[in-house]
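Morning, everyone. Let's get the structure on the screen and walk through it.

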Amino acid sequence: MQPVRVLLAKVGLDGHDRGVKVVARTLRDAGMDVVYTGLHRTPEEVVNAAVQEDVDVLGVSLLSGVQLTVFPKIFKLLEEKGASDMIVIAGGVMPDEDVVELKKMGVREVLLQDTPPDYIVSTLNRLVQERGPR
Amino acid sequence: MDDMTDRGARAQDQVEAIRAEVRDWETNEVANFLRKQKERKDEFFTLGDIPVRRTYTAADLAETPPEDIGLPGRYPFTRGPYPTMYRSRNWTMRQIAGFGTGEDTNVRFKYLIAQGQTGISTDFDMPTLMGYDSDHAMSEGEVGREGVAIDTLADMEALFDGIDLENISVSMTINPSAWILLAMYIALAEKRGYDLNKLSGTVQADILKEYMAQKEYIFPVEPSVRIVRDCITYCAKTMKRYNPINISGYHISEAGSSPLHEAAFTLANLIVYVEEVLKTGMTVDEFSPRLAFFFVCQADFFEEVAKFRALRRCYAKIMKERFGAKNPESMRLRFHCQTAAASLTKPQYMVNVVRTSFQAMAAVLGGCQSLHTNGYDEAFAIPTEDAMRMALRTQQVIAEESNVTQVVDPLGGSYYVESLTTEYEKRIFDILKEVEERGGTLKMIQDGWFQRHIADFAYETALRKQSGEKPVIGVNRFVDDTPDPKIHTHPYDQTTADRQVARTQRVRRERDAAKYDLLMERLVETAKDPQQNMMPVTIELVREGATMGEIVERLKAIWGTYREVPVF
């Protein structure tokens, strides 16, 4: 079986990368193919990279509070690129109402400060399995 | 001499006698008790992974030379930077605040002052921190969201409207663009006719920990360090009471490091800054008295107290022995402290008040000079007024009701705390030695060595929380499925960006374009000559209505930008 392919990205201006790096390492240790874009990326850069790398999962981390500005852009760009089947997850510190909003928008999972590593791995595996082969 | 030798021998005998008694106790009382009831774990460690023993005795205390413990306000300042500490004046209660425009944050400042806060601390929004104006494309959605938006001197005037800056100290948490904000602060003070030598406060301006941890950087390392140098030398000459830098471990810790690495990496950065300023020909005693520090206070109570005490001792020794400081004021470490935001939880969020209280108590017993206590809602968003009042009240209870302020360094002489303080000192100096042997701090930043250590400890912490080895109440222990009471988080005012951008554009329209162009040319010339100081021309520029983003963009064209290779 092909390993799950994941692109992790930081969008916006904040430099809080503790969480995204813990997630990157967790997924890598679980045998997934992980690309991390580094900081301060635009939605365009992130979506282009995700499509180019042909990943199963796109994970976007931000702790600057702009989740409700960034994610609609990401979904729109994915649609434009014909990649609407890409699994999108979010990570960061945010109010509960925003978590609900993101899920309505199509974000499949929101990883918060205390989400355990094993849960992250099992959730991604499940989401990829549910989606089925591409 | 014989008398001294005699006394030394007697002390040695006493230590041997205590050790013998401890061995006896281990074989009898302890062994008998363990047969009935085991200890919870085979080995115990501090949160920072330092092994701790069952108990400590006078024999352990004897391993620290008495002169290393000393007295408060006297070298090596282990017991505090001042002889009377909180008996004279409590620490400054300095809650950080910032959101929306200058006017919006000004209201919060005045509220906190009315509630008994004794210092001001300013949080800037991400565009300001990263050097973008509010109308730059990169700023979309972020204007005034996580802090206050400042583009021009006009914003700064609104921020401090009606606040007497000669009578309250102001801290500004800003780094790569710090010198521009400092220039605005100076321009504002001059406009109001203040005596610059009466202004007290701090600008963070610690760029090296940005490359290591917080990741708010704009320019490459070399020009960035030069800007820090310029802030320090400028303030040493013109603002006698102002701290031109806040050398910070806080963000290193929040990015995931152990308390030991927080302490050691911060002092590694200190050494770079001191060396840079010395190259300008200033003597160490001309600027060191105004160097200030900023540390986190984590959850391991005694470890944090020991960390602060060890930091003061290490700093004193570095300044005296390595840099040859003569003035005791150059050797006494003063620090701001903030409780650990990363320790806060969403589930059962009111427990955050309890966590913060213990951390604040450790900060006070560790001898901090100013303190920010976190809001119970900071695992959700930036804090509300209500959360900040509770946080301030926490400090006020410690200061007014607990009586811990009556005696200076009340944990001084504790067998455990003194042993751990000395252990910290030893380990900090070991790390500093390793950094030098590997080629120095700047090289190790480029190599990602610090970043690697921080990421490793962050990852281990995540695994330890998962396994339960690191208990977190409400998360992996005493989980309660009953929903928490609904929390009201700080709302974002959607009109912020429009209000902010309107003012920035008005300032651009109304300024004298010819003067602006001329000064921008001077900025470029100054930037190209590393011997010159960036402060004077920047002060003139902001006075004439230049925006922060314009200054930064012009300099990016000369100095370039920094991009890191992520380490994980």
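How many bridges join β11(B) to strand β12 of chain B, and do they run parallel or antiparallel? There are 3 bridges, and the two strands run parallel. A word of caution: this is a predicted model.

B:His336 has B:Ser370 as its bridge partner in β12(B). To get from β11(B) to β12(B), the chain passes through helix α14, residues 351-365 of chain B. That β-α-β crossover is right-handed.

Now the other neighbour. Strand β10, residues 292-297 of chain B, is joined to β11(B) by 5 bridges. These two also run parallel. Here B:Phe294 is the residue opposite B:His336.

Look at the two faces. On one side sit B:Phe335, B:Cys337 and B:Thr339, all buried. On the other are B:His336 and B:Gln338, buried too. Both faces are covered.

Last topic, the interface. 32 residues of chain B contact 25 residues of chain A. On the chain B side, α5 (126-130) and α18 (449-467) are the elements giving two or more residues. α18(B) gives the most, with 7 residues. By class, that side has 17 nonpolar, 6 polar and 9 charged residues.

That's the tour. Over to you.

Methods
Residues numbered from 1 in each chain as written. Chains lettered and ligands numbered in written order. Predicted model: local features only at pLDDT ≥ 70, side-chain atom pairs only at ≥ 80, totals over all residues. Buried ≥ 20, exposed ≤ 12 C-beta atoms within 10 Å, placed from the backbone. Helix = DSSP H or I, 4+ residues; strand = E, 2+ residues; numbered from the N terminus. Pairing = 2+ DSSP bridges. Right-handed = clockwise from strand over helix to strand, strands pointing away. Contact = placed C-beta atoms within 7 Å. Nonpolar A, V, L, I, M, F, W, Y, C, P; charged D, E, K, R; others polar.
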